[in-house]
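Thanks for coming. I'll take a few minutes to walk through one structure, and you can follow along on the screen.

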Amino acid sequence: MYLVHLAVSPPGDAPLPAEIRQMLEATAPDVLEHVSVHLQSRPHPVIGLFLRVASLNEAESTAELIWVRAAAACPQLAEWCLRRAEAPLMLYEWD
């Protein structure tokens with residue numbers, strides 16, 4: 001399983017639609033396990049997608065596809081811009 005972050009920017013000061021999770025889930029393939037929305041992220045909101053796929057490349061391309069499908073199907077997302085779809089780097093502390 002991979003976590004991919006979608007960084008999205010609004011048209012003007014528009015907030016993400018309250019039903020963003022449902023919008024993404026409705027157009028996603030069966031590999032989508034969970035959606036997490038981080039509205040407080042700066043400079044843009046971040047949407048975390050947990051995906052059951054075989055590789056990092058597949059995860060990032062699938063996440064982008066999920067966004068494109070949702071934006072095409074939901075007029076509220078049409079003007080939002082996908083800035084990036086990438087797995088976040090995790091810092092681990094070694095003792």
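This is a predicted model: local features need pLDDT of at least 70, side-chain atom pairs count only at pLDDT 80 or more; totals for chains, interfaces and linings use all residues.

Now the individual pairings. To place yourself on the screen, find Val 4, which stands opposite Leu 49 in β3. Further along, Ala 7 has Val 46 of β3 as its bridge partner. On the β2 side, 6 bridges join β2 to β3, and these two strands also run antiparallel. There, His 34 is opposite Phe 50 of β3.

How many of the residues of β3 are buried? The count is 5 of the 6, so the rest of the structure largely encloses this strand.

How do the two helices sit against each other? In general, two packed helices are described by the angle between their axes and the distance between the axes. Here α1 and α2 pack at about 105 degrees, and their axes are 8 Å apart. An angle from 65 to 115 degrees counts as roughly perpendicular, so α1 is roughly perpendicular to α2. From α1, the contact uses Ile 20, Met 23, Leu 24 and Thr 27. From α2, it uses Ile 66, Trp 67, Arg 69, Ala 70 and Ala 73.

Nonpolar side chains tend to be buried together in soluble globular proteins. In this model the largest nonpolar core has 25 residues. Those with the most contacts inside it are Ile 20, Leu 24, Ile 47, Leu 49, Leu 51, Trp 67 and Leu 77. Two or more residues come from each of β1, α1, β2, β3 and α2. Which element gives the most to this core? It is α2, with 6 residues.

Take Leu 24 as an example. Not counting residues up to four places away in sequence, Leu 24 touches Leu 32, Val 35, Ile 47, Leu 49, Ile 66, Trp 67 and Ala 70.

Now the two single residues. Thr 27 is in helix α1. Is Thr 27 buried or exposed? Its relative accessible area is 16%, and buried means under 20%, so Thr 27 is buried. Its side chain reaches the backbone nitrogen of Ala 70 at 3.4 Å. Leaving aside neighbours within four places in sequence, Thr 27 contacts Ile 66, Arg 69, Ala 70 and Ala 73.

The other residue is Tyr 2, in strand β1. Tyr 2 has a relative accessibility of 27% and counts as partly exposed. With neighbours within four places again left aside, its contacts include Leu 49, Phe 50, Leu 51 and Val 53. Also on that list are Ala 54, Ser 55, Leu 56 and Ala 59. As for Ala 26, 24 residues from Tyr 2 along the chain, the two C-alpha atoms are separated by 20 Å.

That's the tour.

Terms used: Residues are numbered from 1 along each chain as its sequence is written. Side-chain values use heavy atoms; hydrogens and water are left out. Two strands pair if DSSP finds at least two bridges between them. Helices (H or I, at least four residues) and strands (E, at least two) are DSSP runs, numbered from the N terminus. Buried means under 20% relative accessible area, exposed over 50%, partly exposed in between (1.4 Å probe, protein chains only). A polar contact is a pair of N or O atoms within 3.5 Å; within protein, one must be able to donate a hydrogen and the other to accept it, and residues adjacent in sequence count only if both atoms are side-chain atoms. Contact means heavy atoms within 4.5 Å. A nonpolar core is a set of buried Ala, Val, Leu, Ile, Met, Phe, Trp, Tyr and Cys residues joined through side-chain atoms within 4.5 Å. Axes are lines fitted to C-alpha atoms, for helices over the stretch in contact, and angles run from 0 to 180 degrees between N-to-C directions. Angles under 35 degrees count as roughly parallel, over 145 as roughly antiparallel, 65 to 115 as roughly perpendicular and the rest as oblique.
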